[in-house]
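Morning, everyone. I have one structure to go through today, and I will keep it short. Please have the sequence and the model open while I talk.

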Amino acid sequence: MAKPLLLVDGLHTGYGSTEILRGVDFHVKPSEIVTVLGANGAGKSTMSRAISGVTRPWAGTIRFKDDAIERAQPAEIVARGLIQVPEGRRIFPNMTVRENLDLGAYRRGRSRRNVNRNRVFSIFPRLSERQSQRAGTLSGGEQQMLAIGRGLMAEPELLILDEPSLGLSPLLVEELFVLIKNINAQGIAVLLIEQNVVQSLEVAQRAYILDNGRFVLEGPAAQIANDPDLKRTYLGM
Amino acid sequence: MLSPVILVPALLNGLMTGAIYALIALGLTLIYGVLHIINFAHGTLLTAAMFAAFFAYALVGLDPYLAVLIIAPLFFLIGYGLQRFIIGPTAHGEDRNYLLVTLGLAIIIENLLLYVFRADTRTINLPYAFDVIEIGTAFLAVPRVIAFVAVLVVASVLWIFMQWTDTGKAIRAVAKEKLGAELAGIDVAHIHAVTFGLGTACVAIAACLLIPTYYVNPTAGDAFVLIAFTIVVLGGMGSILGALVGGLFVGVVESFSSMFLGQSLGQIGIFVMFIVMLLVRPSGLFGEQA
């Protein structure tokens, strides 16, 4: 078995005195797609925030490429190649598409900014057409492309995508999942945090089901997809 | 009373005064725009910088226009340090903490200045302080013309810095989308401190431009900052262009109202205009509509 790229062990965290994650263990191997599925409020975004250093873990360890990162600042975690595309896109609305992309390489990949920007434009020709347009004026789908493009500018080794399909039309969701496969085919490991169960399980190799701050089910994605209890019990569908 | 012989000099003098207001407001609006806090220590930092400029001249004979090359970077570092090591760590991102911490700093700095320098009012006498330039019917004091030009240069440099450099772009990114910036690898605490440093450097430059024609005592900066607050709201909170235009505008309003109402009532015009502005366009001249 390949050594894990990301190894999370016994992660507890929350806000104020409310515990949200109550002991989470999982790993992502190099060039793997792993999906974490859960309903609203299960703790998915809290988990991605903790991995990226935005929310401090209360207990547990997070190792990336064998280094402990649970006490590292977000910028330092980015510098190591663990890049998150956050829920809600979080693009810079007052800046142009091109400026948004260039800021993706603020910490990492700066010397290859032009090469990487052209690569992003070849993946998303729409962004190339709109590069001098203010990001806030883009459609929801284009904003999601921009958020992912900005993440790719930092040359991720592991890309966390937090609910990328949220608010997109079914057609765009189809495109998005094809894109995720293509990104992964370039050797980038993907941690896909989603509510979109069917399509996430199709692209992922392994899956974890998060419910109430704990993993209640985990295994190969194909096997999870056939679990009779999955949707009814844990995803409220 | 309304002849151009009187109005033109009043207009030009208003612009000269307004330029200094604009520079102080620029620092304030920059800090507000990025950290979303009202920096109550702005006025005392201005006073402190005026003392620095005063003593640079009084003790070592350094001309304020040369001293600015040392005082501005020095106050950048002071501002950076205050935000990075005192304001940021104590405020924990809470608005009311920012308010109390900056207010507390203001009280501490002001009282330190009072303790060390007493309440005496000090002035410097530069050989060229009373030189004038004649423009049409107006006689303009040389230091005020220098200040006007300097402020335009500083505002332009700041604007170019914000638009075209990586650090400037990072500042704008943090201003609008802090989480997005963090996840793009921008060190938010550092950017906050750089912004506070830049705002403080603005008041340091203003101090060096003021000291040739103004006095300094431990509360000298307060009068300017009240007007600067008005300008920040008038120009639109966080807008660099708004601070510049608003500052010049307020200077002109003050100049005209002191001409018509008398010197001691000159500032009434500013606040009347300010109240009208709040009624008509509460987001300010260049502010974003809510």
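I will take the interface, then the aromatic residues, then one aspartate. Keep in mind throughout that this is a predicted model.

Let me begin with the contact between the chains. How many residues does the contact take from chain B and from chain A? Chain B gives 18 residues and chain A gives 22. The two chains bury about 1,800 Å² between them, and 62% of that lies on carbon and sulfur atoms.

One of the pairs to look at is Glu99(A) with Arg172(B), a salt bridge whose closest N and O atoms are 3.0 Å apart.

Which helices of chain B each supply at least two residues of the side that touches chain A? They are helix H6, residues 166-176, and helix H7, residues 178-183. H6(B) gives the most, with 6 residues. By type, the residues on the side of chain B that touches chain A divide into 8 nonpolar, 3 polar and 7 charged.

Next, the aromatic residues. Over all chains, the structure holds 13 aromatic pairs. Take Tyr208(A) and Phe215(A): their ring centres are 4.8 Å apart and the planes meet at 35°, so this pair counts as tilted. Tyr208(A) is buried, at 1% relative accessibility, and Phe215(A) is buried too, with a relative accessible area of 15%.

In chain B, Tyr65(B) and Tyr128(B) form a stacked pair, 6.2 Å centre to centre with 25° between the planes. Tyr65(B) sits in helix H3, residues 64-91, while Tyr128(B) is in the loop between helix H4 (95-117) and strand E1 (132-135), so the pair ties together parts that are 63 residues apart in sequence. Also in chain B, Tyr21(B), Tyr214(B), Tyr215(B) and Phe224(B) make up one aromatic cluster.

Last, the aspartate. Asp102(A) lies in helix H3 of chain A, residues 97-104. Is Asp102(A) buried or exposed? It counts as buried, because its relative accessibility is 9% and the cut-off is under 20%. Leaving out residues up to four places away in sequence, Asp102(A) touches Arg113(A), Arg117(A) and Met153(A). With Arg117(A) there is a side-chain polar contact of 2.9 Å. For Gly140(A), 38 residues from Asp102(A) along the chain, the C-alpha separation is 20 Å.

That is what I had; I will take questions.

Note on methods. Residues are numbered from 1 along each chain as its sequence is written. Chains are lettered from A and ligands numbered from 1 in the order in which they are written. This is a predicted model: local features need pLDDT of at least 70, side-chain atom pairs count only at pLDDT 80 or more; totals for chains, interfaces and linings use all residues. Side-chain values use heavy atoms; hydrogens and water are left out. Contact means heavy atoms within 4.5 Å. Buried area is the accessible area (1.4 Å probe) that two parts lose on being put together, summed over both. A salt bridge is a side-chain nitrogen of Lys or Arg within 4 Å of a carboxyl oxygen of Asp or Glu. Helices (H or I, at least four residues) and strands (E, at least two) are DSSP runs, numbered from the N terminus. Ala, Val, Leu, Ile, Met, Phe, Trp, Tyr, Cys and Pro count as nonpolar, Asp, Glu, Lys and Arg as charged, and the others, Gly among them, as polar. Rings of Phe, Tyr and Trp (its six-membered ring) pair if their centres lie within 6.5 Å; planes under 30 degrees apart count as stacked, over 60 as edge-to-face and the rest as tilted. Buried means under 20% relative accessible area, exposed over 50%, partly exposed in between (1.4 Å probe, protein chains only). A polar contact is a pair of N or O atoms within 3.5 Å; within protein, one must be able to donate a hydrogen and the other to accept it, and residues adjacent in sequence count only if both atoms are side-chain atoms.
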